[in-house]
Amino acid sequence: MSFSVPAPLEARLDELVTHYPVKRSASLMFLHALQEHFGYVSREAVEWTAAKLGLQPINVYELVTFYPMFRQEPLGTTHVKVCRTLSCALAGSAALREQFCKKLGLDSHAHAPQTTPDGKFTVEFVECLAACGSAPVVLVNEDLHERVTAQAAEKILSEGSRLEGAAKGKTPVKGASGAAS
Ligand code: FES
């Protein structure tokens, strides 16, 4: 598979390197930028970053595997993050995640993020989303949904199904929050 970084992005990263005393200090910024552009950090992106910064690929790969914010697989168009930390757990986030997984044909017992074969949805458990007072909380792409009910979860899925063809991870699902009564 060919891997090509757009010239404007490469120029931005080349300029970024000049702000650091040593090239390798820019590694994380490279990975963030590549993930933002491609949606994940591929093996080719790791090798490209290593070559640009005068490192061995393993030096970059160990960053990708250490930091949980980096992804090695593409995300679905609609990325559903279900909070599993205490407040949300007590408010039923496990049942919500199970609902999402079952509706999408995903394994509700798997630990890793899961993506549907059609690339429409990724579902995963995440730690606290900093809205504990309105648990359970679900982040759908960039859109926070609070006090998510089973009905609201259904709406998130139906809205997400309409996002096919949208840019991956860029288009928030609007208006799918539901207040618990
Ligand atoms: S515990 Fe879920 S948002 Fe904090």
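Which residue in β3 is the bridge partner of Val 80? The answer is Val 123, and point 4 sets this pair in its sheet.

1. Basis of the note. The model is predicted: local features need pLDDT of at least 70, side-chain atom pairs count only at pLDDT 80 or more, and totals for chains, interfaces and linings use all residues. Residues are numbered from 1 along each chain as its sequence is written.

2. Overall make-up. The protein has seven helices and five strands; helices (H or I, at least four residues) and strands (E, at least two) are DSSP runs, numbered from the N terminus. Their order from the N terminus is α-α-α-α-β-α-α-β-β-β-β-α. Of the 181 residues, 30% count as buried. A residue is buried if 20 or more other C-beta atoms lie within 10 Å of its own, exposed if 12 or fewer, and partly exposed in between, with C-beta atoms placed from the backbone. Among contacts with a separation of 6 or more, 61% come from residues 24 or more positions apart; a contact means that the C-beta atoms of two residues, placed from the backbone, lie within 7 Å.

3. The sheet. Five strands form an open sheet with mixed pairing, in the order β2-β3-β1-β4-β5. At the edges are β2 (114-115) and β5 (143-145), each of which pairs on one side only. Two strands pair if DSSP finds at least two bridges between them.

4. Strand β1. β1 pairs with β3 (residues 121-126) in the parallel sense over six bridges, and Val 80 with Val 123 is one of the bridge pairs. Three bridges join β1 (residues 78-83) to β4 (residues 138-140), and these two strands run antiparallel. Here Val 82 has Val 138 as its bridge partner. Six of the six residues of β1 are buried, so β1 is largely enclosed by the rest of the structure. Thr 78, Val 80 and Val 82 are on one side, with His 79, Lys 81 and Cys 83 on the other, and both faces are covered. In a regular strand the side chains alternate between the two faces of the sheet.

5. Helix α2. This helix (residues 27-38) has 12 residues and reaches 16 Å from its first C-alpha to its last, close to the 16 Å expected at 1.5 Å a residue; the expected span is 1.5 Å times one less than the number of residues. Its buried residues are Ser 27, Phe 30, Leu 31, Leu 34 and Gln 35. They cover an arc of only 125° around the axis, which puts them on the same side of α2; the arc is that of the directions from the helix axis to the C-beta atoms. On the other side, Glu 36 and His 37 are exposed. Gly 39, with a positive phi near 95°, follows α2.

6. Packing of α2. The buried residues of α2 pack against α1 (7-17), α3 (43-53) and α4 (57-66). In the pairing with α3, residues including Phe 30 and Phe 38 of α2 meet residues including Ala 45 and Leu 53 of α3.

7. Backbone points to check. The peptide bond from Ala 135 to Pro 136 is cis, with omega near 0°, and Pro 136 is in the loop between β3 and β4. Ala 130 lies in the loop between β3 and β4 and has a positive phi of about 65° although it is not a glycine. Ala 130 is exposed, with 10 other C-beta atoms within 10 Å.
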